[in-house]
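Please open the model in a viewer and keep the sequence at hand.

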Amino acid sequence: MADFKIDETIDITDVVCPITFVKAKVALEELEDGQIISIRMNDGEPVQNVPRSIKEEGHQILKLIDNQDNTYSLIVKKVED
Amino acid sequence: MAVDYSALKKGGFMRQKQKNTFSLRLAVVGGTLKAEQIKKIYEVAEKYGQGYVHLTSRQSVEIPFIKLEDIEEVKIELEKGGVKPGVCGPRVRTVTACQGNTICPSGNIDSTKIAEGLNDRYFARELPHKFKFGVTGCQNNCLKAEENDVGIKGALDVHWNKDQCILCGVCVKACRLGALKMEDNKILFDESKCNYCGRCEKSCPTSAWEGENAYIVSFGGLFGNTINKGESFLPLIKSEAQLYHITDTAIQFFDDFGNAGERFHFTIDRIGRDKFKKAIEEAYNGGF
């Protein structure tokens with residue numbers, strides 16, 4: 001597994017759809033172009049849908065890591081418009 | 001002079017409880033109306049109706065309270081705004097559709113284009129009974145494909161390209177049916193579990209998943225006095241030409257074998273499921 005230099009982390013396991021994506025989107029907006037964020041999300045609906053929404057916003061997804069505790073961490077590189 | 005109600009019904013004028021009063025159904029394809037058409041509908045509803053419209057359960061518009069004596073004038077007036085009357089009775093009805101992949105991120109096919117294609121081919125075609133087509137862009141099934149006599153559902157015929165894959169694992173979790181697994185730096189795809197929703201392709205951050213537009217067709221759906229879920233038994237349909245060859249065959253089967261007042265589902269039941277399947281499978285396999 002490639003290593004990433006994580007610039008920021010955010011936990012969205014405390015919210016439900018659609019706030020999951022909103023919280024992630026807000027966190028991404030705070031970053032500089034090219035910075036990398038790790039987004040921790042719940043298994044089930046968040047991990048099914050949030051990665052795709054982030055892709056559709058134009059950011060680059062690098063990895064989805066199974067934390068083995070029913071959560072996943074999505075590693076995303078910010079891409080400015 | 002006696003009023004020819006069946007001719008009026010054929011022309012979209014639905015008799016109301018109130019004497020000599022009609023609710024005029026308009027021709028709408030796939031739930032889309034141009035602003036210019038809406039403006040004309042507004043004018044006609046104001047002048048000849050009671051200043052409102054009714055949205056039907058099949059994405060059409062009706063203008064209630066049109067007087068018998070105004071019918072010809074109303075038709076001419078609507079025509080000026082590019083609005084045509086719809087139909088009722090034993091013929092091909094309004095083709096319903098979602099907005100499809102030109103608008104919706106989940107869409108796998110251009111539903112509007114398919115609805116227009118079906119409409120051009122079949123709208124108002126005389127048949128033993130009413131006949132409904134519905135087009136939905138994906139497995140989310142917003143347009144309830146299986147409640148139609150012939151329902152069309154958008155699918156994505158997906159393939160994985162190892163070279164493009166970064167093994168991020170997103171697709172494995174995006175799949176709701178457990179058709180994907182990641183093992184030994186490979187994605188294993190169990191097509192027997194796949195419903196062609198396209199979520200793997202849509203979630204893939206690289207171009208490791210490729211998908212081609214395809215169609216799933218269901219036959220014999222009903223959602224009125226009797227309820228029956230339309231049945232899908234064909235493999236993926238991979239071109240528009242093939243799709244239309246199949247819909248041509250289905251509608252012709254109904255035209256040839258249906259009894260007056262009998263819905264498609266009951267014709268298939270009476271004539272025999274095997275015979276119908278055989279005709280459709282032949283259409284699937286050739287001649288387009």
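Begin by selecting β2 and β4 of chain A, which pair in the antiparallel sense over seven bridges; two strands count as paired if DSSP finds at least two bridges between them. Helices (H or I, at least four residues) and strands (E, at least two) are DSSP runs, numbered from the N terminus. Within this pair, S38(A) stands opposite I75(A) in β4(A). This is a predicted model, in which local features need pLDDT of at least 70 and side-chain atom pairs count only at pLDDT 80 or more, while totals for chains, interfaces and linings use all residues; side-chain values use heavy atoms, with hydrogens and water left out. Residues are numbered from 1 along each chain as its sequence is written, and chains are lettered from A and ligands numbered from 1 in the order in which they are written.

Five of the seven residues of β2(A) are buried, so that the strand is mostly covered; buried means under 20% relative accessible area, exposed over 50%, and partly exposed in between (1.4 Å probe, protein chains only).

Next, select helix α1 of chain A, residues 19-29. Together with β1(A) and β2(A), α1(A) makes a right-handed β-α-β unit: with the strands pointing away from the viewer, the path from the first strand over the helix to the second runs clockwise. Which residues of α1(A) are buried? They are T20(A), A24(A), A27(A) and L28(A). Seen down the axis of α1(A), these buried residues fall within an arc of 100° and therefore line one face of the helix; the arc is that of the directions from the helix axis to the C-beta atoms. They pack against β1 (8-11), β2 (36-42), α2 (45-56) and β4 (71-77) of chain A, where contact means heavy atoms within 4.5 Å.

Now display the whole of chain A. Two helices and four strands make up the chain, and from the N terminus on the elements run β-α-β-α-β-β. Its C-alpha trace spans about 30 × 30 × 20 Å along the principal axes. Of its 81 residues, 38% count as buried.

Move to chain B and select its four-stranded open sheet, which has the order β1-β2-β4-β3 with antiparallel pairing. The edge strands are β1 (13-15) and β3 (54-55), each pairing on one side only.

Within this sheet, select β4(B), residues 61-67. Six of the seven residues of β4(B) are buried. Four bridges join β4(B) to β2(B), residues 21-25, and the two strands run antiparallel. F22(B) has I66(B) as its bridge partner in β4(B), and R25(B) stands opposite E62(B). On the side of β3(B), two bridges join that strand to β4(B), with V61(B) the bridge partner of L55(B). β3(B) and β4(B) form a hairpin with five residues between them, and Q59(B) in the turn has a positive phi of about 60°.

Finally, select T247(B), which lies in helix α7 of chain B, residues 240-257. Is T247(B) buried or exposed? T247(B) is buried, with a relative accessible area of 0%. Leaving aside neighbours within four places in sequence, T247(B) is in contact with L118(B), Y122(B), F133(B), V150(B) and I152(B).
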